Each structure stands twice: as structure tokens, then as C-alpha cells.
Amino acid sequence: MPKAAISSDLASAELARLSGLFGFGDGTPDSIRATQLFGGYSGETFRIDELHGARRVAALKVCRGYPQEEVRAQAAVQGLIGARGFTGACAALPLVSPPGSAPAYVAQSARGEPVCMLSFVDGVPADAAIDAGADAVGVLRAVGERLASLHAVPVDARADGLRTFRDGGVCLLARHAAGAIGEEMRKSEHTRGHPFVARYGALLAELRAAVAVADVLPNGILHGDPFLDNVLVVTDPPLLQSAAPADGGTMAAQPGLTPVGSVSGAVSGLAHSPSIVHCAFVDFEDAAVGPLVFDVACCAASSCFVRAAAGADGAGASAEELGGVLDAGRLAALLIGYCTVRPLTAAEKRAFGAWLRVSIACNATWRFVNFHIAHREAIEARESYRELEARLEQLRAPDCVAMVHAILNALPQASEDRAAEAPGGGVAAAA
């Protein structure tokens, strides 16, 4: 779903002042150049170019509608991954502070909004790159590798002072589990009595069951919302073609759907594919420490469905027409890429199907609440939740469950599982 651009009324002097707090420029308008970037729902972002000295580049983000503590929690995660050498994301840069003091990452604008400075990440959104002709399988393999690299960053939530998914972020998992989202829908005059609210009860039961055992799974740093529009990619010229090729031909066709029966071939064929895309994660509003399989499942839920019939969104449309078809080739590419860096454990494979549904349920509910209650002015987006709810219906179909199991069983084993595996093992219990 496309993000809206937010126009800014921030004066150049204020942008220069804020940049100076992070050590970019000297706080005066002639020391930097600020260029507003395409934004999203969470605020205004500016590219900041130093005009003197080191001539560094960064991104200044002015957060709208977020309390200071929320932004501090996000920035703490981004600051830690930068401090530990991870380069596949926009890391938070610290405010100028006295030597020996603990790093702080959040300033305040003259309007009272939280502000952070982030390392600049170049590229185009991964979903836009695929729409422009980039090979979806190559993009998803690279995204999987990069996501696993993020998950490999060492972290101890308590020692490092980071929030966990039980504190916030991660598609509002904790608020769902606590019943707050359901209560909001039941109390609102716009949604009480809506059929989705009745269906939400079953979704919530599965979410609570998954959350109850999340601590026994491998935990680490989560992006929390790894949709493809939150990944920027830089491609080699042969991968990303322009809308008007120089030779007068047409853009590269999208890869066709991989039939369920071709899963083994899809996985074995991807095992030696080169990594052809550089990518980095942005928009860490949902970042926290939590079960790593959530991120993998959320990324798959958002990126591995291919629309079967463009524009089929009427009341009589099938689940495949509304939500798209889960494509074995895309899912295999994402998971193979991930497992080349960090193989999923047997427990994560067994839990994958449930977290796939949980991540879709969280995002479907966010769309429902956001556009039925919080932003009713966005009438064109009000029914967008149906696209994701249709994916839930498809994921419960036996052939789809079998396809997911087959891909998971073809993946390499985690080292801790190899020695303990009994003959004939697998993830047939995963649903």
C-alpha cells in the first residue's frame, strides 16, 4: 500500500539548528543543504548535506504523532545496531554530548516533536524496484540475507537497555495480546458490530498462543515491520530496467508463479544463485527485541504473494484475487537467502506457519483500525484490510500449508538441530 508524502513547513533555520545538535553543520542555514525526501505516515525526513568540512550526508527525521519515549525506544535500537557495525540499515546517530556521557539520540523540534538523525541510505523501495522490472527472486533473496544479518547482531535486551516486543513495537503485538486493540474496535461507533471485529476473536486467540511461547524461540533485534517498502535497494543496471528501455523494447516480465509441485526445484535452483541486490532497512518505528521468526514471517507475508488478477477487489472477488497467490519461488528465495546467513531452528520452522498468520492478522487489523477509526478521511484505503485478511484464508488451505511445509523442510538445518535430529525428522507439525 503506497505511503503518503507529508509536506513540510519547517524553516531552513530550524532544520539547520536541529542538524547542528547532531554535529552536522554549525547550526546556521549556510552550513547545510536540506532536501525533503519522500515521506510516510510517521513524519518528515530530510537529506542533510554538509556544505563544508567533511561534507557528510545524513537523514534528519522529524517524527509526527510519536511521544518522546516511543522515539527514544526506536532510536536506541538503531543506535545499537550502528554501534555494533551493522551497515544494512539507517542507524541512529548520537547528539553532540560531553566526552564520557551515555549516547542520546533524540532531540526536540521547536514544535515539540521528537527528532533523530540517521545514517543516509540510498536506493529505491524494494517493491518499487520489482514493479520497475527488477527480478523478484533476486530481490527477495537479498532481503532475506540482509534480514538474517540484522538478526545476527548480538544483543541483550536487559543489559543493552532496549525494549522488547512486550513493551511495544512489532506490529503492536503486546497491545493485541493485552486486549487493547479489540477493546478499541468494540468501543468505536465506526467499528462496533462490524463483521471484522467478530472475526478478530479467532485471530486474537492464535496471536496469544504464539506470544505465550515466544520466549522459548531465538530472540534478537527485530525490525518489526519488514515490508518491502521499508527496504531500499540499489541494483546493478541489468537488474533494474527503466520504464522506457533504450533499445525500445519492453520492461522485463515478472517471473511467473511457481507451481506447488515445483517447490523442490525452486529451492535447489536457488541454492547457488548469486546475490545481485544490495539492500538496507529503513523505518524502524516497530523495532524491538523479540522472536526472530516474527520478522521472517512478516516479511514473507508482505512480499511473497503475487496478485492473481489486478483490480479484482469487489465484493465477489476470491481470496486469490484479493490477496494474491502465495508464490513458492518468492518464498523459497526469501528463506534460502535468510538461511545462508542464519539457518532457522527446528522450533522456528514448526512455528513459522502460526507466525505467518499472526503477522498478517496484526497488519490487517492495523489497516482496519487506522482507516475506519483514526484516519477516516482516507476513504480509498478503508477496505485495504481485506487484501490481507484474504491471505489468511489462503494460508489455511491444505495445498498452501503443504507448500510452506515443503519449502521449510528443504532448508538447511541449524547447527544446534543437526546432532539431535532423529531419522525422518522434519516440520510436518508446522501449520
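In this predicted model, helix H2 gives the most to the lining of the second largest cavity, supplying three residues. Helix H2 spans 68–83, and strand S6 spans 114–119; each supplies at least two residues of this lining. The cavity itself has a volume of about 60 Å³. The structure holds three cavities of 30 Å³ or more.

The residues around the second largest cavity come from several parts of the sequence. Val71, Gln74 and Gln78 are among them. Cys116 and Leu118 also line the cavity. Further lining residues are Lys61, Cys90, Asp283, Phe284 and Glu285. By class, the lining has five nonpolar residues. Three charged and two polar residues make up the rest.

Two of the lining residues, Cys90 and Cys116, are cysteines. This raises the matter of disulfides. A disulfide is a covalent bond between the sulfur atoms of two cysteines. The count of disulfides in the model is zero.

Are Cys63 and Cys90 buried or exposed? Cys63 has a relative accessibility of 3% and counts as buried. Cys90 has a relative accessible area of 5%. Buried means under 20%, so Cys90 is buried as well.

Definitions and conventions. Residues are numbered from 1 along each chain as its sequence is written. This is a predicted model: local features need pLDDT of at least 70, side-chain atom pairs count only at pLDDT 80 or more; totals for chains, interfaces and linings use all residues. Side-chain values use heavy atoms; hydrogens and water are left out. A disulfide is a pair of cysteine sulfur atoms within 2.5 Å. Buried means under 20% relative accessible area, exposed over 50%, partly exposed in between (1.4 Å probe, protein chains only). On a 1 Å grid over the protein atoms alone, a cavity is a set of points where a 1.4 Å probe fits but cannot get out, and a pocket is an open set with protein on both sides within 12 Å along at least five of seven lines; lining residues have an atom within 4 Å of a point. Grid points are joined across faces, edges and corners, and a volume is the space filled by probe spheres set on the points. Helices (H or I, at least four residues) and strands (E, at least two) are DSSP runs, numbered from the N terminus. Ala, Val, Leu, Ile, Met, Phe, Trp, Tyr, Cys and Pro count as nonpolar, Asp, Glu, Lys and Arg as charged, and the others, Gly among them, as polar.
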